[in-house]
Amino acid sequence: MSKTLLDIKDLVVEFPSRHGDVIAAKDVCLSVASGEILGVVGESGAGKSTIGNAVMGLLERPGRVGGGEVFLDGEKISGKSQVEMRKIRGKRIGMIFQDPLTSLNPLETIAKQLIGTIQTHLGFNDAEARERAISLLDQVGIPNPSERVDHYPHQFSGGMRQRVVIALALCAEPEVILADEPTTALDVSIQAQILDLLRKLVREKGVGMIIITHDMGVIAEVADRVAVMYRGVVVETGPTAKILGNPDHPYSRSLISAVPRPDVRLHRFPMVESIEAAGERKELDLSTHWLGKVRDFGQNEGSLLKVDNLEMVFKTGGMFGSGSSVVRAVDDVSFDIRHGECFGIVGESGSGKSTIARLVTSIYKSAGGSINFAGTDLTKIKKRKELNVHRRQMQMIFQDPFSSVNARMRVRDIIAEPIRFHKLASSEAETRQIVDDLLDHVGLGAKAAVKYPHEFSGGQRQRISIARALATRPRFLICDEPTSALDVSIQAQILNLLKDLQDELGLTMMFISHDLPVIRQMCDRVGVMSKGKMVEIAETEELFVAPKHDYSKHLISLMPSYTGLMNKESNHAEAGQAEAS
Amino acid sequence: MFKFVSMRLLQSIVVMLVVGLIAFGLFRFVGDPINNMVGQDTTLAEREALTESLGLNDPFLVQYGRFVSNAVQGDFGMSYRLRQPVSGLIAERFPATLELSLISAFLALALGVPMGIYTALKPKSIITRGFMTLSLMGVSLPTFLIGILLILFFGVTLRWLPTFGRGEVIDLGWWSTGFLTASGLKSLILPAITLAIFQMTLIVRLVRAEMLEVLRTDYIKFAHARGLSPRLINFSIALRNTLVPVITIIGLQVGSIIAFAIITESVFQWPGMGLLFIQAVSEVDIPVMAAYLLLIAFVFVVINLVVDILYFVVDPRLRVQS
């Protein structure tokens, strides 16, 4: 066993407030040895990042360390002054942040930022520091480093910037690296590269690394050991295979069961009750209720939506046409969605997924091609009124639950707005009744109607969005990354809700996501997007088992493989036997 | 870079032509210029001849063209009131206003920016609270009141400083300066402070707000996590990022110091353009007003150009046209 580098003992972090101290971390014990990667996993608010900041002495005021000790290579570093901590930060403990787009000073070249850090810690002269800067960039895999070093951050892509951030963290050869959600802001293929890089650095340099993340996939890929955090407490620590495959603590167990499985399709996600009450749904009798009425739109066979040769072009640059360039956001895309199915669109950021959703809902005007919805070509419709008849039948659920509902309206008005706009209810009293029923139906409860959106969590707001989408009695629902801003347990709840609603109301869905396991759980058929083109359309199972197009193969191969991810039936049986014997 | 600057220059010329059109419109449509020039007993024939000789019967565009070409050569016609060439009047007054404006802009920046930084870095200190209270007073007290209070205290009660005029000036070619005599410098103090106080308080609040914003960003957090010294973080990284948006506002403020020194100039009887303008307004001296309008527009256009170029220097993201 290699030596322990960072040892956190009984760490307590508290945030004093008017209503007494809020304990953000309680009696946390963690340790990491050289050449080892410790994963710290938990949902938002679990206190993961707080621990990293506390170790670095970077807690934001009024937060403070209320107890416990931190040892770095046997030396006690907790309780040191800021001046002493500055000699440890960057030099002995490096830190990597989540968002590479905002972690670098936009006004200085990479060289200047690297050299400044190198000189602060190592006292090199300019030429030596520059040489080291270039060799660091080379180590983190930036091609042509002697030239790239003089570029500014905005001249690098997101993945490259994260490499620069890593180079900055490595400037003074730290013994320990804290990586706080190092790949959360990156696309899957970039994520895989960055994780590879981190693992390589740890093995080669013998540093100890703590990776803080909410993403089980990341943990499964790189971590040697895992600590699961829940409300400021480490509930369980152990080897990765053990925690992912056979966790002891009930919270770890439910957290891991909520992770969408990439390998097998389940009918429903197991529920996690630990973080947020799932919300009791009061089922409505749809055969008599307003929501269930007029569900018969006539024809129910064949395709509901048929998109042919769809084109969308964005122009950028020059005001006078000089130096302008054209981006083909959607390039000759054709697909169809059958009645009652869930059609997935998967791809990396910038591949044109969301643009398609906006074209279908006529938010954008297409540059070519046709969009046939229930037998009508929407691109041919000129009059807004006529378009609204069709728009009523299709509704959208957006990614960000915080900006997609009007913060200044009560929930009742948010949901009643489409009913009033399309004049779907005969009276105001009926509208109110419908809103209350909808809230019950999505599991928020009718009491939510008089509140404002800020009183709800992300998952609850997404339920508001869903209720609003249902308020026009649509037949077609477009979900644009509906759960990617949510924690995994909340994601499981929302996805279950969407599945239930689809079954009850016979909805047809277009489900856009970058997350392959989620797609596998939700969709019947999938279209894979790359650079504005739809490169493959296949039945979901077929795509995951035998992808045809090279890009699909590439995407599927990058999907985190949860080796030994808890196999519920067998492991539970084993655990039960172990206890019994 | 060159393309960018030349684009901006072109746009500036368009702006100046439009302002010129408005200034010319003043001439042409506000009142009758002939009435302003001739006496009561001029005959109709004489008026006709004068109209013809001044080219007032020519088509509109021809007259506008002539106005522009004259203005470019510095000829704004004769002042109705003083019967002197407007360009001469302006040239006489311009140095006074510019000296006053530059000194007060310098004061506002030299005091305002450090105060803004201090209040952002030490948000809880007593000095910060003092600065913020003072700046609130500075923003809310009207300029003329500050001027009068200063005159009352330093001029009348203590008798330390002169309360009106420029003092002795020395002519350097066409430029008359008050910088080189003791009385000139002493006369400058009160009006410069009066003019600077409002701008300064504005700059304090602006710099503070921007800096607080920047201090919350990830790259500042990351800089701390790399163990860089607070001095480097605060003054090299944070300050430069703070200045990007602040430059625009400060540029416009400097413009408005020059353009709207009017009140201060009236209070202190400062012989600058503002005073000239006020007198021109009260006497409907249209050529002077038109020239003033053009000049101020020119000042703003130049300042905006400088601000744009400064942006280029400070922010590398604008340099590379992607």
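I began with β16(A) and β17 (residues 476–480) of chain A, which pair in the parallel sense over four bridges; strands pair here if DSSP finds at least two bridges between them, and the elements are DSSP runs numbered from the N terminus, helices being H or I of at least four residues and strands E of at least two. Within this pairing I looked up Met394(A), whose bridge partner in β17(A) is Phe476(A). I then noted that helix α15 (residues 458–470) of chain A packs on the sheet, touching β16 and β17 of chain A, and that its direction makes about 175° with that of β16(A); axes are lines fitted to C-alpha atoms, for helices over the stretch in contact, and angles run from 0 to 180 degrees between N-to-C directions.

The model is predicted, so I kept in mind that local features need pLDDT of at least 70 and side-chain atom pairs pLDDT 80 or more, while totals for chains, interfaces and linings use all residues. Residues are numbered from 1 along each chain as its sequence is written, and chains are lettered from A and ligands numbered from 1 in the order in which they are written.

For the whole sheet I recorded six strands, open and mixed in pairing, in the order β16-β17-β18-β13-β19-β20 (chain A). Its edge strands are β16 (394–397) and β20 (533–539) of chain A, each pairing on one side only.

Turning to the chains, I found 26 residues of chain A in contact with 20 residues of chain B, contact being C-beta atoms, placed from the backbone, within 7 Å. On the side of chain A that touches chain B, α3(A) gives the most, with four residues.

Methods:
Two residues are in contact if their C-beta atoms, placed from the backbone, lie within 7 Å.
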